[in-house]
Amino acid sequence: WDKATSGHEVAAILARLVAEGKLASRLEHFTIPLLGWKIPGMNILHLELRQPRQHFADYERPLIDGFFIDGETTDTRRIRHHYRKLGKSFIPAEKIRRPLEQQVKKLTGSASRGDQSTWLAVVLLALAGLILLIVNGFVHQPEVPLTIFGAIFAIIGSIAGSIISHTYKTRSDHLIRRSLQVHLFPLLALLLYIGLGLAGISSLLTLGLLLFFTFLILATLYLARTDDSPEGVKLCRNLTAAREYLRKQLQQENPAIRDEWFPYLLAFGLGPDVDTWSRRFSISSTFASTSPGIDSSSSGSSGFSGGGGRFGGAGASGAWAAAATTLGASASSSSGSSGGGGSSSGGGGGGGW
């Protein structure tokens with residue numbers, strides 16, 4: 001939905017495998033050795049294989065082999081200790097990134113534009129403008145401050161505009177606001193150019209700034225264009241709408257959500273929302289779940305339990321989501337790794353032209 005692969009996708013796959021009965025899981029509170037004190041918010045996720053690992057196909061198998069390092073059971077501490085002892089990192093999201101990206105391209109019709117010649121022309125504009133500005137600094141020394149100011153603005157504007165354009169290109173939420181942000185630096189460049197022109201600058205500086213600012217405008221707007229087909233744009237916007245719907249439902253005591261949707265909630269990066277809902281409403285929720293075959297008896301409720309009994313229910317599902325999302329980070333030899341447990345932001349592709 002956001003064209004990014006992180007710990008949310010890893011957690012979603014694990015949740016699906018648990019829901020399908022291919023894995024079993026349980027949570028254990030982390031306690032300080034000897035003292036036996038429980039640390040609030042810190043849990044150890046235990047996983048158990050329920051079928052031979054050779055039965056896992058495609059991108060599932062690398063995850064299984066990476067997590068289950070010495071048998072049919074594993075847990076957060078064992079994974080962390082194993083990879084730290086080896087002095088290397090296991091980043092689960094990287095194991096599934098390529099097949100997921102291939103599937104995304106297939107679903108969205110994404111394809112390379114083959115526009116190297118266009119980019120070459122844009123870059124040549126910037127080089128020509130830079131050369132003229134340097135020459136102007138020698139020819140018209142009184143304009144050196146204006147020359148430096150114009151060059152710095154164009155460089156910073158190009159960098160900031162590229163970042164904003166990339167965000168706009170890969171997101172489908174708040175499109176009006178993001179569109180205005182994309183056009184901000186091109187508009188400022190145009191106004192600045194007009195203002196300097198009215199101030200009576202030299203022709204050399206005028207031409208140099210024209211080329212440099214044209215580069216800023218073209219690069220910013222060009223990067224904002226989507227590579228997706230019209231059908232792909234529609235798909236991404238629909239996914240964004242679905243995520244927003246689920247997010248709003250998780251703010252209600254009786255959400256219109258089925259327990260079998262739990263993996264999708266994690267894939268949408270809504271694990272923290274599930275956690276919040278679990279703490280606030282899971283015990284008292286009375287919404288009648290329509291999902292077949294899901295045991296929610298342990299939730300103490302006849303409604304949405306955050307995934308059914310397989311994930312603990314009655315508030316434990318939120319903690320399960322948090323533990324599964326950060327499991328990838330636990331597998332890294334560096335405690336600060338973001339590849340496995342990083343957050344997923346954004347709202348799907350299709351914001352561009």
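Let's start at Asp58, which sits in the loop between strand 2 (38–49) and helix 2 (60–67). Helices here are DSSP runs of H or I with at least four residues, strands are runs of E with at least two, and both are numbered from the N terminus. Before going on, some housekeeping: this is a predicted model, where local features need pLDDT of at least 70, side-chain atom pairs count only at pLDDT 80 or more, and totals for chains, interfaces and linings use all residues. Residues are numbered from 1 along each chain as its sequence is written, and side-chain values use heavy atoms, with hydrogens and water left out.

Back to Asp58: its phi is near 55°, a positive value in a residue other than glycine. Is Asp58 buried or exposed? It is exposed, with a relative accessible area of 69%. For the cut-offs, buried means under 20% relative accessible area, exposed means over 50%, and partly exposed is in between, using a 1.4 Å probe and protein chains only. Lys3 also has a phi near 55°, again a positive value in a residue other than glycine. You'll find Lys3 in the segment before helix 1, and it is partly exposed at 38% relative accessible area.

Now for the charges. Side chains of opposite charge can pair when their charged atoms come close. Here a salt bridge is a side-chain nitrogen of Lys or Arg within 4 Å of a carboxyl oxygen of Asp or Glu. How many salt bridges does a search of the whole structure find? The search turns up 15.

One of them pairs Glu60 with Arg16, with the closest N and O atoms 2.8 Å apart. Glu60 lies in helix 2 and Arg16 in helix 1, so this pair ties together parts that are 44 residues apart in sequence. Glu60 is buried at 11% relative accessible area, while Arg16 counts as partly exposed at 24%.

Arg247 and Glu244 make another salt bridge, at 2.5 Å from N to O. They are three residues apart in helix 10, so about one helical turn separates them. Arg247 counts as partly exposed at 24% relative accessibility, and Glu244 does too at 29%.

Then there is Glu260 with Arg258, whose side chains meet in a salt bridge at 3.8 Å, N to O. Glu260 is partly exposed at 29% relative accessible area, and Arg258 counts as partly exposed at 36%. Elsewhere, salt bridges with shared partners join Arg16, Glu20, Lys22 and Glu60 into one network.

The largest pocket holds about 1400 Å³. A pocket is an open set of points on a 1 Å grid over the protein atoms alone where a 1.4 Å probe fits, with protein on both sides within 12 Å along at least five of seven lines; lining residues have an atom within 4 Å of a point. Of the 40 residues that line the largest pocket, Trp1, Ala4, Glu9, Leu100 and Val104 are the closest to its centre. Two or more lining residues come from each of helix 1 (7–19), helix 4 (92–108), helix 6 (144–169), helix 10 (230–249) and helix 11 (262–267). Which helix gives the most to this lining? That is helix 4, with eight residues. By class, the lining has 16 nonpolar, 12 polar and 12 charged residues.

How values were computed: Points joined across faces, edges and corners; volume = space filled by probe spheres on them. Nonpolar A, V, L, I, M, F, W, Y, C, P; charged D, E, K, R; others polar.
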